[in-house]
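Have the sequence and the 3D model open while you read. We'll walk through a few spots together, one at a time.

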Amino acid sequence: MTTTDKIFDSLLVMQCQSGNRKAMALLVKRWHPRLCKQAYWYTNNIEASKDVVQDSWSKILLKIHNLKDPNSFGSWALTIVTRNAIDWQRKHKKELVNLNSYHKENHRSTIDHDTNELVVVQLRKSIKELPKTQQIVLNLFYIEEYSIKQISEIMNVSTGTIKSRLFNAREKLKLILKKQKL
């Protein structure tokens, strides 16, 4: 996320806090896809992730007036979504186990024409072999480009734990990829 985007989001947050409904709608429009992606990391279900984010928006918009630092909106909102997604995950654990086993049995890679695409697919598949917490840390760090401090706030754990998870995820991923000769 660029500095300009953060400044714009910060201004939108301040406008929301002043009661500007258009700013609120624009903030939702800008952040909804990213929050859905975050929820999906936990739920592995598009519809469930949309439900989690919808519930999260209720909390976000209800509590946005209490947000003291508008610059921290992104990590604050992601924290709310993450916690709601974890709650959802706890409630639906048995369903997730059944769904994951179904996907493993029925998922086939159909990409064989483009080596780069195949590598990306294999890398994603390898990442899925990591523990969920490590997958999430990799996603937040490399894809979403959050700092270790921000990730620790989002996941509500210490920065040391995040560093450890990131290091262990990289090491495990190296081993997995070596076994696959990728």
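First, some ground rules. This is a predicted model, where local features need pLDDT of at least 70, side-chain atom pairs count only at pLDDT 80 or more, and totals for chains, interfaces and linings use all residues. Residues are numbered from 1 along each chain as its sequence is written, and side-chain values use heavy atoms, with hydrogens and water left out.

**Rings that meet**

Let's start with the aromatic side chains. Rings of Phe, Tyr and Trp (its six-membered ring) pair if their centres lie within 6.5 Å; planes under 30 degrees apart are called stacked, over 60 edge-to-face, and the rest tilted. That rule gives two aromatic pairs here. The rings of Trp31 and Phe73 have planes at 80 degrees, so this pair is edge-to-face. The rings of Phe73 and Trp76 have planes at 50 degrees, so that pair is tilted.

| Pair | Distance between ring centres | Angle between planes |
|---|---|---|
| Trp31 and Phe73 | 5.6 Å | 80 degrees |
| Phe73 and Trp76 | 6.0 Å | 50 degrees |

Together, these ring pairs link Trp31, Phe73 and Trp76 into a cluster.

Where do Trp31 and Phe73 sit in the chain? Trp31 is in helix α2 (residues 21–43) and Phe73 is in helix α4 (residues 73–91), so the pair links parts of the chain that are 42 residues apart. Helices here are DSSP runs (H or I, at least four residues), numbered from the N terminus. Phe73 and Trp76, on the other hand, both lie in α4, three residues apart, or about one turn of the helix.

Are Trp31 and Phe73 buried or exposed? Buried means under 20% relative accessible area, exposed means over 50%, and partly exposed is in between (1.4 Å probe, protein chains only). Trp31 has 1% relative accessibility, so it counts as buried. Phe73 is also at 1% and counts as buried.

Two other rings-and-charges spots are worth a look. A charge sits over a ring if NZ of Lys or CZ of Arg is within 6 Å of the ring centre and within 35 degrees of the ring normal. The charged end of Arg34 sits over the ring of Trp31, 4.9 Å from its centre. Lys128 lies over the face of Trp41, at 5.5 Å from the ring centre.

**The core**

Now for the greasy part. A nonpolar core is a set of buried Ala, Val, Leu, Ile, Met, Phe, Trp, Tyr and Cys residues joined through side-chain atoms within 4.5 Å. The largest one has 42 residues, and those with the most contacts inside it are Leu27, Leu35, Phe73 and Met155. Among the elements giving two or more residues to this core are α1 (3–17), α3 (46–63) and α9 (159–180). Which helix gives the most? That's α2, with nine residues.

Contact means heavy atoms within 4.5 Å. Leaving aside neighbours within four places in sequence, Met155 is in contact with residues including Tyr42, Ile136 and Ile162.

**A closer look at α2**

Helix α2 has a kink of about 40 degrees at Trp31, shortly before Pro33. The bend at a residue is the angle between axes fitted to the seven residues ending there and the seven starting there. At the start of α2, a side-chain oxygen of Asn20 reaches to within 2.9 Å of the backbone nitrogen of Lys22.

Setting aside neighbours within four places in sequence, Cys36 is in contact with Ser49, Lys50 and Val53.

Back in α4, you'll find Thr79. With 9% relative accessibility, Thr79 counts as buried. A polar atom of its side chain lies 2.6 Å from the backbone oxygen of Ser75. Not counting residues up to four places away in sequence, Thr79 touches Glu153 and Ile154.

Finally, two loops. Asn44 lies in the loop between α2 and α3, and its phi is near 55 degrees, a positive value in a residue other than glycine. Asn156 is in the loop between α8 and α9; its phi is positive, near 60 degrees. Asn156 has 53% relative accessibility, so it counts as exposed.

Note on methods: Polar contact = N/O pair within 3.5 Å; in protein donor to acceptor, adjacent residues only side chain to side chain.
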